[in-house]
Amino acid sequence: MRIVISGIPIDIQKKNIKNMHLQIKPPDGHVVISAPLSMDDKAIEVYARTNLSWIKKQIEKFQQQPRSAKRQYVSGETMYIWGKQYYLSFVPDAQKNSFEIQGDKVILSMREDSTVKQRENYVREQYRSLLKVEIERLLPKWEQITELHCESWQTKYMVTRWGTCNTEKKKLWFNLQLAQKPIECLEYVILHELIHLRERTHNSTFIAYMDMYMKNWRAVRKELNDSRLDYYDAQDESPLQKLIDQRRYDEIKDAVLDYMTEKVKENKATLSDIEIQNVVHIEQVDDGAISFSVIVSCDIEHSISSTGRVSFTEKWLDVRCKVLLGVELTDFEIININECEQQEDSDNDKYSGELVPIISRDAFENEATKFLEKYYPLALQEPVAVPIRKIAEDMGLSIIEDSLLSSELDIFGLVVFEDGNIKDKNKNIVIRNAKRGTV
């Protein structure tokens, strides 16, 4: 359902929720109201008109923010290094790759037939190098100021966070994208994560330390968060990105809003922010589905009427979800929501971006033992040949042989997760109508 008020189209989504929620969404600032199924259409329209002034201001913010399209890494594109805009100049070079800053240009030299992904990976590594140099310079400075010291730190591309802190191991992580932002933003993130070594949550003590060490940290944080609109943000292939698209993000946020609204009312507080932090505990619950936990942090604002002061507490929620396996990961369902302890950062290193299990080298023996215990325990008792074909049949797998997947023999095998044709890298069909569960 869609209504138009003062020339502004507003999408109405009726859901099984208790309260109405108004959102202005990226990338274009379109307006969505989520409303309970029983809510009268007229009441929704009144709600929209009541908030019209705020809606217009938020849309104007989106319209004024510059955004970049999906990068192809060709001449003429813009890119940012430490908050300064540069123009990309691509120079074909079959001999070596290079990345040089010359005036207001970045000269990127790679093979002319290099793919967008190859160029992107190379540029990311240049961002990593730039970021490491500045962290090595600035981290000791802030460690000396705060008298807080980390044991180790690393950089990685992250989807939802600028930095994170493992308080048990005293390890800090910094988002590669910080190399695109003004250097003050990096300093803010360094300070923020260091203070977490002393205070794990964003409570009044944490805020007091931020105020003491960096007077303008709120302005820097706003600048950093307002700049999260670059298309580069959406390039990561992580389990989080795979499992939570925009629609699921909205459903999770609506469910958390409903859950927390009742909680904060009891304590006469207000919910000031909700942030999806990570996806953890990915498990295959049966042959056709996987379940996973979405970890969400909620900032709650408490006003002390007698003094006029404001304090903050942080609640962490575990939103347990489920999807059916397949190309589209259909039938998304929120199973339950529970409060949990603050979650340290998880790399989800058991799954690739395509949710294919990854087995580390030091885990081979354990995984092999578990596999044989299930399918051929005799091999754990005495040295025998393992009947691979019999095991495949017991697993419900089909084996296709004598079909070359690539003429250069550089593709050794595939596992089919969904019915369909199998093509080689030249898009030629080499196996027709392969069934799911084919090796």
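Visitor: What should I know before I start?

Guide: The model is predicted, so local features need pLDDT of at least 70 and side-chain atom pairs count only at pLDDT 80 or more, while totals for chains, interfaces and linings use all residues. Residues are numbered from 1 along each chain as its sequence is written, and side-chain values use heavy atoms, with hydrogens and water left out.

Visitor: Let's begin with helices. How many residues of H4 are buried?

Guide: Buried means under 20% relative accessible area, exposed means over 50%, and partly exposed is in between (1.4 Å probe, protein chains only). In H4, 12 of the 14 residues are buried, so this helix is largely enclosed by the rest of the structure. Among the buried ones are Cys185, Tyr188, His192 and His196.

Visitor: What span should H4 have?

Guide: The expected span of a helix is 1.5 Å times one less than its number of residues. For the 14 residues of H4 (residues 183-196) that comes to 20 Å, and the end C-alpha atoms are 20 Å apart, which agrees.

Visitor: Now charges. How many salt bridges are there?

Guide: A salt bridge is a side-chain nitrogen of Lys or Arg within 4 Å of a carboxyl oxygen of Asp or Glu. By this rule there are 15 salt bridges. Lys42, Glu45 and Arg49, for instance, are linked in a network of them.

Visitor: Why look for partners three or four places apart in a helix?

Guide: An α-helix has 3.6 residues a turn, so residues three or four places apart point the same way. Take helix H3 (residues 116-146). Arg128 and Glu125 are both in H3, 3 residues apart, about one turn of the helix, and their side chains meet in a salt bridge (3.1 Å, N to O). Glu134 and Arg137 are also 3 residues apart in H3, with a salt bridge at 2.7 Å, N to O. As for cover, Glu125 is partly exposed at 38% relative accessibility, whereas Glu134 is buried at 15%.

Visitor: And where do Asp394 and Lys390 sit?

Guide: They are in helix H10, 4 residues apart, which is about one helical turn.

Visitor: What about a polar contact?

Guide: That's a pair of N or O atoms within 3.5 Å; within protein, one must be able to donate a hydrogen and the other to accept it, and residues adjacent in sequence count only if both atoms are side-chain atoms. In helix H8 (residues 246-266) you'll find Thr261. The side chain of Thr261 reaches the backbone oxygen of Leu257 at 2.5 Å, and Thr261 is buried, with a relative accessible area of 19%.

Visitor: On to strands. How many bridges pair E7 and E8?

Guide: Two strands pair if DSSP finds at least two bridges between them. E7 (residues 98-102) and E8 (residues 105-110) pair over 5 bridges in the antiparallel sense, with Ser98 opposite Ser109. Their hairpin has 2 residues between the strands, and Gly103 takes a positive phi near 65°. Antiparallel E16 and E17 (residues 429-434) are joined by 3 bridges, and Lys423 has Ile429 as its bridge partner. That hairpin has 5 residues between its strands, and Lys427 in the turn has a positive phi of about 70°.

Visitor: Why notice a positive phi?

Guide: Most residues other than glycine have a negative phi. Tyr73 has a phi near 60°; Tyr73 lies in the loop between helix H2 (52-64) and strand E5 (78-81), and is buried at 2%. His281 has a phi near 55°; His281 lies in strand E12 (residues 270-286), and is partly exposed at 48%.
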